Amino acid sequence: MKAVRIHQYGGPEVLLLDEIAQPAPGPGQVLVRVRAAGVNPVDWKIRAGYMKEVMPVELPVTLGFDFSGEIEAQGPGVNQFKQGDPVYGTAMGTFAEYVVTGVAELAPKPHSLDHAQAASIPVGAKTAWQALFDVGGLTSGGKVLIHGAAGSVGSFAVQLAKAKGAYVYGTASGRNLDYLKELGVDEPIDYQSTKFEDVARDVDVVLDTQGGETQQRSFAALKKGGTLVSIVQPPSQEEAAKHGVKAMFLGSQPNVEQLIEIARLVDAGKLKTAVEAVLPLEEAARALEVSQAGHVRGKIVLKVG
Ligand SMILES: NC(=O)c1ccc[n+]([C@@H]2O[C@H](COP(=O)([O-])OP(=O)(O)OC[C@H]3O[C@@H](n4cnc5c(N)ncnc54)[C@H](OP(=O)(O)O)[C@@H]3O)[C@@H](O)[C@H]2O)c1
C-alpha cells in the first residue's frame, strides 16, 4: 500500500511516498481502508522532530491521525462491524491506504458528510469537547475565551460552547472576524489590533490553542476560580496560583461516545466543519507546509483512495 512516511526529521523534503506492507489488525483492532485523512499541526511537528520528547515514535513512521474510510477487516475479538461499514476516527498513520486502529478510536461516520468532510472532524472536535467540558467544566451561561477560533479545534469549540449555552469570545486575525460571527462567536476579537484581555474579562474558561505570550496574557481574562485549558503547552502553576485560577494541559484521549455524539450533532445540522482544501495524498508535504504557516481556516484534508 501507499504510505506517506518520514525516515528522518526535517523539512517538507523528508516526507516520502513509500510502498509498504498492509498492516494486520491485532486483538481489539480493525483495519480501515482510508478514503480521506485530515491534516493536523501535530503532523508537521512530528516531521520537524518537535514531538520527540512528548510523543516518541520509531522511524520510519507513517504520519497522519484523522481518517474517514471503511472497515476492511476485524482483529480477534472484534465483531461489531462488517466489511465496508463507513467509519471515522483517529489512528497513528492515516496518510496511507490502510490503517490499523483500536475499536475505542472510531465510530460510524456522520452519514450526511462525504469522506473528506468526515476526516476533517475527529481530532479537532474531540479535543474541543474534552477541553471545554471534561477539563474546563464549561456550563450553560458560562463565559469562554477561545483562541484560534477560526482554526480546527477553535471552530468546533465555538459551536460546541454555543450549543451548551455559553457566551463566547473568540480570537482571529481581521480577515476571519466575519467568519467567527458565522460560527456563533458573540464577540470576535482581532488579535492583531486588540488586546484580547481588554475585551474578554471574568471568563470561566480560556481555551488556549496558541501557547507563549497568548497563554501568559490569558490569565488576566479569567475570573477567580476560572480554568485555563491549554492544548499546546503546560501552563505555569505559579501564574495560576497568583490569579486564583486553575490551569491545565490537555492531551486529547480516545473516546467513542464523544465521536458518536459529534456525528449525531453533525447529522442534525448542529455542528459544521470547514474544509479549506482537499489535496491528493501525493501532496502531503505541501499540505503540512500550509498547516505549519498557521492560518488554515478549518482543515486541510488529503484524499487517499
Ligand atoms: N493537545 C492536544 O491533544 C491537541 C489536539 C489538537 C491540536 N493541538 C494543538 O493545538 C493547536 C491548534 O490546533 P488546530 O488544529 O486548531 O490548529 P489550526 O487549525 O492549524 O489553527 C489555525 C488557526 O490559528 C489561528 N491563529 C494563528 N495565530 C493566532 C493567534 N496569535 N491568535 C489567535 N489565533 C491564531 C489562525 O487564524 P488567523 O488565520 O485568523 O490568524 C488559524 O485559523 C496546534 O498547536 C495543535 O498542535 C493539540
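I take domain bounds from an automatic or database domain assignment.

**Model and numbering.** I work on a predicted model, in which local features need pLDDT of at least 70, side-chain atom pairs count only at pLDDT 80 or more, and totals for chains, interfaces and linings use all residues. I number residues from 1 along each chain as its sequence is written.

**Domains.** I looked up the assignment and found domain 1 (2-121 + 273-303) and domain 2 (124-249). Between them, six residues of domain 1 and eight residues of domain 2 make the contact, where contact requires C-beta atoms, placed from the backbone, within 7 Å. I computed the centres over C-alpha atoms and found domain 1 and domain 2 separated by 27 Å.

**Ligand.** I find that the ligand shell takes residues from both domain 1 and domain 2, so it lies between them. I count a residue as near a molecule if its C-beta atom, placed from the backbone, lies within 6 Å of it. Of the 31 residues around the ligand, those that come nearest are Pro-41, Gly-151, Val-153, Ser-173 and His-295. Two or more shell residues come from each of α1 (41-48), α3, α4 (152-164) and β10 (167-172). Helices (H or I, at least four residues) and strands (E, at least two) are DSSP runs, numbered from the N terminus.

**Core.** I define a nonpolar core as a set of buried Ala, Val, Leu, Ile, Met, Phe, Trp, Tyr and Cys residues joined through C-beta atoms within 7 Å. A residue is buried with 20 or more other C-beta atoms within 10 Å of its own, exposed with 12 or fewer, and partly exposed in between, the C-beta atoms being placed from the backbone. The largest core has 87 residues, and Leu-132, Val-144, Ile-146, Ala-157, Ala-161 and Leu-302 touch the most other members. Helix α3 (residues 122-135) gives the largest share, seven residues. Beyond four places in sequence, I list the contacts of Ala-161 as Leu-132, Leu-138, Val-144, Ile-146, Ala-166 and Val-168.

I traced an open sheet of three strands, ordered β2-β1-β4, with antiparallel pairing; two strands pair if DSSP finds at least two bridges between them. Arg-5 has Thr-62, in β4, as its bridge partner. I place Val-57 in the loop between α1 and β4 (61-62). Val-57 is partly exposed, with 14 other C-beta atoms within 10 Å.

Technical notes:
Two residues are in contact if their C-beta atoms, placed from the backbone, lie within 7 Å.
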